[in-house]
Amino acid sequence: MQNKRVAVIGGGLGALSGAIRLAQLGFSVQLFEKNPKIGGKVNEVVLADYRFDTGASLLTMPSVIDELFDFAGVKRADYLDFVPIEPICRYFFPDGSMMDASADKAKMKTAIAQLSPNDVEAYERFLKYAERIHKLTAEIFMFTPIHEFRNLLQPRHFRTLLRLHQIDPFRTVHQSVSRFFSDSRLIQLFDRYATYNGSDPFQAPATLNIIPYIEYGLGGYYIKGGIYRLVDALEIVARERGVQIQTSTKVERICQAQNQRVNGVQVNGERIDADYVLCGTDAVVAYHELILTKNATPKPRTRCQMFKNMRAFSVLSMLKARVLGQGHQHRREKLDQLEPSLSGMVFLWGIKRKHPKLAHHNIIFSSDYKTEFKQIFKHQQVPDEPTIYIAITSKADTSHAPADGENWFVLLNMPYLAPGQVWQKEKVRMRQAVLDRLKQLGFDIADQIEIEQIYTPEDFSELYASNRGSIYGVSSNSKTTAFKRLPNRSRNPKGLYFAGGSVHPGGGIPLVMLSGKMAATLIAEDHASKI
């Protein structure tokens, strides 16, 4: 069968998911990754005797991965071992108290009773509320390409469409969490889940309270050997199905024919023919830098160019859009108005001592959560007092650190790139802020760090071509965010599809992999309609 060639841009989980499905369906698939390794933000770094996952550190909804392996005709258990995490996370609150959160309801209720006895019943009610949102929204918002109206207006979705008010879209995450819990520490704990897709709990719609249900109701897991083993497994499955993977190979542009349909990608100055393009890189960046009008020459991006002359940039986008079509024009006009998600600052620390008071996952909360997010999103500045996340995979895999040491992945919430930020200075300031806070808690590690590597939003922008260094694509800081997130199919140019955290259904391992499924399904449908 002719005309079944697909060029895949990027080697992230969404792109890999889509590539495997398309190859299994009989398409000829070539994948191009600009970095030396595939995986996108799900990466792995080895520094001396310490090994680190540098992206996602917790797996939820493992059934999404199982379904992909089943689709490919293999069993996930033959490749990957999923291990339940207990506790899911250890929380350290500003007043010095501590709590272990668990997907085991009895353990969770006991932990809440010890922290705030009056809120045990509230947790039961909150979990039922979050479960109701999940039941109403999962099928339509997680498993359906909602921008495809023929799919959206299916009879099975009518129940949700008629009961949208029950998914709590008009309150913020914080407002709804505060309705259930009286203890400020528990409010802060459940507010935190808005950050799972890079958003502000004081602005994001309460519909995102689906996230704690996914974690506590369905469970949180670790992949034995590290989260990057998922990438290794997907690469094996992809290659076995004939996907051609080329690393250290940057796609320079998406090529279009006279009829404004994609006909390939440009790599090293040469066009690689393709009938469809699946783009796994950030969609906002792709529309600005890869989707060009005829005879346009791509220009290299610098950090300064991302912020200077924004008005001129918008005018240029509008001019390009007129050539590309009305639907595309509207999208381009809106691109710069889409608020990027949270970014982050990461410290990889090889610690030459064990700390039994820390768990696999740990959160050390700031004393003023609202101010932290106000500084990040309203002022685009590094927060004075950041919340600190620490993942230590050597708690589960002792081979990830020396026998007497630990591998600390330390993540701080950060603003996306904006004018006036000086990241070299902020690295020094934040490093000291983290060390000071840890010392207050009894973890005086300044002299225990023997290996260190630091990443800032500038690095995320450079490494992963993410929009303004954001980690999760577009933020969810509005009531209509679900419909503002970019679609999996481009209306113009035709033949272009998207996967990854910047498009529907969003960020995080399961949703990113579902985006690849949606894109691959739409490509297959497009091809079938032409036969």
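## How far can we trust the model?

What is the mean pLDDT of the chain, and what share of its residues reach 70 or more? The mean is 89, and 86% of the residues get to 70 or more; pLDDT is the predictor's confidence in each residue, from 0 to 100. One stretch to treat separately is residues 294-327, where the pLDDT is below 50. Beyond near neighbours in sequence, that stretch has 46 contacts in the model, a contact being heavy atoms within 4.5 Å.

Some ground rules before we go on: this is a predicted model, where local features need pLDDT of at least 70 and side-chain atom pairs count only at pLDDT 80 or more, while totals for chains, interfaces and linings use all residues. Residues are numbered from 1 along each chain as its sequence is written, and side-chain values use heavy atoms, with hydrogens and water left out.

## The overall picture

The chain has 18 helices and 19 strands. Both are DSSP runs numbered from the N terminus, with helices being H or I and at least four residues, and strands being E and at least two. Of the 531 residues, 60% count as buried. Here buried means under 20% relative accessible area, exposed means over 50%, and partly exposed is in between (1.4 Å probe, protein chains only).

Take the contacts in the chain with a separation of 6 or more: 73% of them come from residues 24 or more positions apart.

## Salt bridges

How many salt bridges does the structure hold? There are 24, each one a side-chain nitrogen of Lys or Arg within 4 Å of a carboxyl oxygen of Asp or Glu. As a reminder, side chains of opposite charge can pair when their charged atoms come close. Glu44 pairs with Arg229, with 3.0 Å between the closest N and O atoms. Glu44 sits in strand 3 (residues 44-47) and Arg229 in helix 10 (residues 228-240), so this pair ties together parts that are 185 residues apart in sequence. Glu44 is buried at 16% relative accessibility, while Arg229 is partly exposed at 22%.

Asp53 and Arg51 form another salt bridge, at 2.6 Å from N to O. Asp53 is buried, with a relative accessible area of 6%, and Arg51 is buried too, at 7%. Arg239 is partly exposed at 43% relative accessibility, and Glu235 is partly exposed at 22%.

## Two helices with a buried face

Helix 15 covers residues 423-440, and at 1.5 Å a residue its 18 residues should span 26 Å; the end C-alpha atoms are 25 Å apart, which agrees. (The expected span is 1.5 Å times one less than the number of residues.) Its buried residues are Trp423, Glu426, Lys427, Met430, Val434, Leu435, Arg437 and Leu438. Down the helix axis they fall within an arc of 165 degrees, so they line one face; the arc is that of the directions from the helix axis to the C-beta atoms. The general rule is that an α-helix has 3.6 residues a turn, so residues three or four places apart point the same way.

What covers those buried residues of helix 15? The cover includes strand 14 (343-351), strand 17 (406-414) and helix 16 (457-464). On the face turned away from the buried side you'll find the exposed residues Lys425, Val428, Lys439 and Gln440. After the helix comes Gly442, with a positive phi near 95 degrees.

Helix 7 (residues 173-180) has Val173, Ser176, Val177 and Phe180 buried. Seen down its axis, they fall within an arc of 100 degrees, so they line one face of helix 7.

## A buried loop residue, and the cysteines

Ile85 is in the loop between strand 5 (82-84) and strand 6 (89-92), and at 7% relative accessibility it counts as buried. Leaving out residues up to four places away in sequence, Ile85 touches Leu58, Gly220, Tyr221, Tyr222, His360 and His361.

As for disulfides, a search of the whole structure finds zero, a disulfide being a pair of cysteine sulfur atoms within 2.5 Å. Cys255 is buried at 8% relative accessibility, and Cys279 is buried with a relative accessible area of 0%.
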